[in-house]
Amino acid sequence: MGDVNVKLLRRILVGFIREEVTKVGIRKAVLGLSGGIDSALVAYLAAEALGPENVHACIMPYRTSNPESEAHARLAAEHLGIHCQVIEITPMIDAYFSRFPDADSMRRGNKMARERMTILYDHSAALPALVLGTSNKTELLLGYGTLYGDMASALNPIGDIYKTQVWQLSEEMGVPRDIIEKQPSADLWAGQTDEQELGFTYREVDKLLYSMVDQRMSREELVKNGFAPDFIATVSARIQNSHFKRRLPIIAKVSNRTIDRDFRYSRDWGK
Amino acid sequence: MLPLTEKSGAYTVDFIVALAQIKPKLGCLAENCTLVESAIERAVADRADLVVFPELALTGYFLKDLVPDVALRLDAPEIARIRELSRHVAIVVGFVEVSDDYRFFNSAIYVDGGEIRHIHRKVYLPTYGLFDEQRYLARGERFRAFDTRFGRMGMLICEDMWHLSAPYILAMDGATTLVCLSSSPGRGISEDESLGSTAAWQKLTSTTAMFLNSRVFYCNRVGYEDGVNFWGGSEVIAPSGSVVSRARLFDEDLLVTRVDGGELRRERIFSPMMRDESLSITMKELRRIEKGRDC
């Protein structure tokens with residue numbers, strides 16, 4: 001996977017946000033700003049598409065979140081001049097887990113992601129604004145996200161670009177250097193990094209995903225191109241096992257027209 | 001106004017073509033008709049003789065189960081209105097056509113002087129990748145050239161153009177202008193200057209014009225449907241294959257171009273490939289291949 005034409009990519013993604021938001025009769029967008037590069041990039045794209053006055057960011061830290069994350073989120077919001085508010089999720093999360101004190105970090109992390117989702121959707125109704133998704137293609141394919149949590153959105157401008165391309169486009173958009181250069185992290189506990197948790201780097205896996213998904217190389221071709229068989233197997237399994245996260249819930253079919261199976265309409269129906 | 005059909009001498013006539021690069025709304029017939037009508041008015045104001053719209057201009061592209069709901073009979077009031085408007089300018093427009101036996105076609109009509117002069121039903125319905133046309137639509141069965149007051153023409157709808165035989169048949173049937181209505185989804189981003197789909201189409205329109213010594217009017221749409229962008233870039237290609245004019249990428253546009261009638265004559269003298277093209281050899285060999293496939 002070579003470099004991407006970032007100017008062209010920017011134009012398509014900005015146009016996407018502008019058109020898909022305004023065609024439903026809404027002017028605004030709301031998104032969660034984590035302090036990481038993905039949400040920062042989406043904020044930059046949205047500000048360009050809708051004007052900074054129409055972009056609302058929520059910074060939603062938990063008490064164990066790295067303070068640097070909030071600082072980076074504020075930095076991006078201030079740089080763009082978008083609306084920004086901090087909504088701590090500690091009281092909601094702690095109230096819930098006081099009933100389940102033994103819950104592990106996965107349950108806690110998922111709950112936090114879903115708490116943030118409910119806040120964004122509440123703001124979606126209040127403003128009104130559409131919720132922008134901030135999951136990139138790498139994490140969507142690997143299933144490295146929380147279903148109905150950070151994976152939930154009305155529109156996702158970056159869901160078809162890999163992390164490597166997120167970095168490239170962020171440079172083009174002028175996302176602050178500190179945000180581009182820091183280690184990607186879900187920030188669920190101190191010192192956590194994505195690459196440590198995944199067991200490979202984004203650059204490595206993006207090359208493999210691009211060859212496997214976009215170029216549809218066979219396993220033999222992938223091996224011939226220098227990808228380790230174990231690595232191919234791990235990544236293939238991750239894609240397959242997380243596929244449920246990329247689909248709507250399945251419906252038991254009994255009628256002649258079942259939603260999404262033989263009742264098929266684009267979402268932009270009438271728009 | 002020139003006479004409606006003029007076979008001899010028409011090739012050297014200059015005329016103005018307007019490619020209406022619009023952004024239809026998905027499934028909104030009434031609004032799209034208004035959109036089309038206002039583009040026609042602008043084209044007339046710009047003194048256009050012919051205005052071309054994209055594939056499925058009256059309906060939008062990713063219709064899926066909406067197909068039967070937005071389909072029009074040829075005697076529908078929407079078509080009658082276009083016929084009326086064609087008293088001022090010749091019009092090529094794409095829509096979903098329903099036949100008396102309830103087949104639905106991805107169709108294009110050439111309308112002039114208040115009458116439908118020709119209808120083309122898309123033959124090659126892409127059903128792969130992001131396309132699913134054959135699930136919802138019936139396949140057209142013919143490619144036919146037809147006479148217009150700008151010389152003989154042939155219509156192609158998007159994927160039709162990717163089948164070498166389609167423009168070839170039209171050119172062999174005497175078409176010297178190929179009108180291609182398109183809804184081409186933008187995809188294939190890379191380090192290159194253009195999207196993969198843009199680069200491929202630009203190669204195709206130019207090469208087709210060059211191979212067949214014919215003009216190509218390519219009209220693509222813009223806008224987004226469910227996250228899929230349509231990249232625009234409509235173009236007028238000279239019979240030599242060179243780009244005469246090109247509309248904006250991604251944005252709505254009305255590309256008004258004066259077509260030099262003499263260019264076709266000169267190109268056909270300069271490189272008479274179509275004159276030398278042997279229909280009998282082609283037919284003989286195709287029949288042999290067809291016969292071989294039967295066994």
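This is a predicted model: local features need pLDDT of at least 70, side-chain atom pairs count only at pLDDT 80 or more; totals for chains, interfaces and linings use all residues.
Helix α1(B), residues 29-45, packs with helix α3(B), residues 77-85, at an angle of about 5 degrees, and the two axes are 11 Å apart. Angles under 35 degrees count as roughly parallel, so α1(B) is described as roughly parallel to α3(B).

Which residues make this contact? From α1(B) come Leu29(B), Cys33(B), Glu37(B) and Ile40(B), and they meet Glu78(B), Arg81(B) and Leu85(B) of α3(B). By class, the contact of α1(B) with α3(B) holds 4 nonpolar residues, 3 charged residues and no polar ones.

I now turn to chain A and its sheet. As a general point, strands of a sheet pair through backbone hydrogen bonds, either parallel or antiparallel. In chain A, 4 strands form an open sheet with parallel pairing, in the order β3-β2-β1-β4. At the edges are β3(A), residues 83-86, and β4(A), residues 129-131, each of which pairs on one side only. On average, and with direction ignored, neighbouring strands of this sheet are turned by 25 degrees against each other.

Within the sheet, β2(A), residues 55-59, pairs with β3(A) in the parallel sense over 4 bridges. Here His56(A) stands opposite His83(A), a residue of β3(A).

Finally, the helices on this sheet. Helix α3(A), residues 67-80, packs on the sheet and touches β2(A) and β3(A); the direction of α3(A) makes about 170 degrees with that of β2(A). Helix α5(A), residues 105-126, lies across β1(A), residues 28-32, as well as β2(A) and β4(A), and runs at about 155 degrees to β4(A).

Key. Residues are numbered from 1 along each chain as its sequence is written. Chains are lettered from A and ligands numbered from 1 in the order in which they are written. Two strands pair if DSSP finds at least two bridges between them. Helices (H or I, at least four residues) and strands (E, at least two) are DSSP runs, numbered from the N terminus. Axes are lines fitted to C-alpha atoms, for helices over the stretch in contact, and angles run from 0 to 180 degrees between N-to-C directions. Two residues are in contact if their C-beta atoms, placed from the backbone, lie within 7 Å. Angles under 35 degrees count as roughly parallel, over 145 as roughly antiparallel, 65 to 115 as roughly perpendicular and the rest as oblique. Ala, Val, Leu, Ile, Met, Phe, Trp, Tyr, Cys and Pro count as nonpolar, Asp, Glu, Lys and Arg as charged, and the others, Gly among them, as polar.
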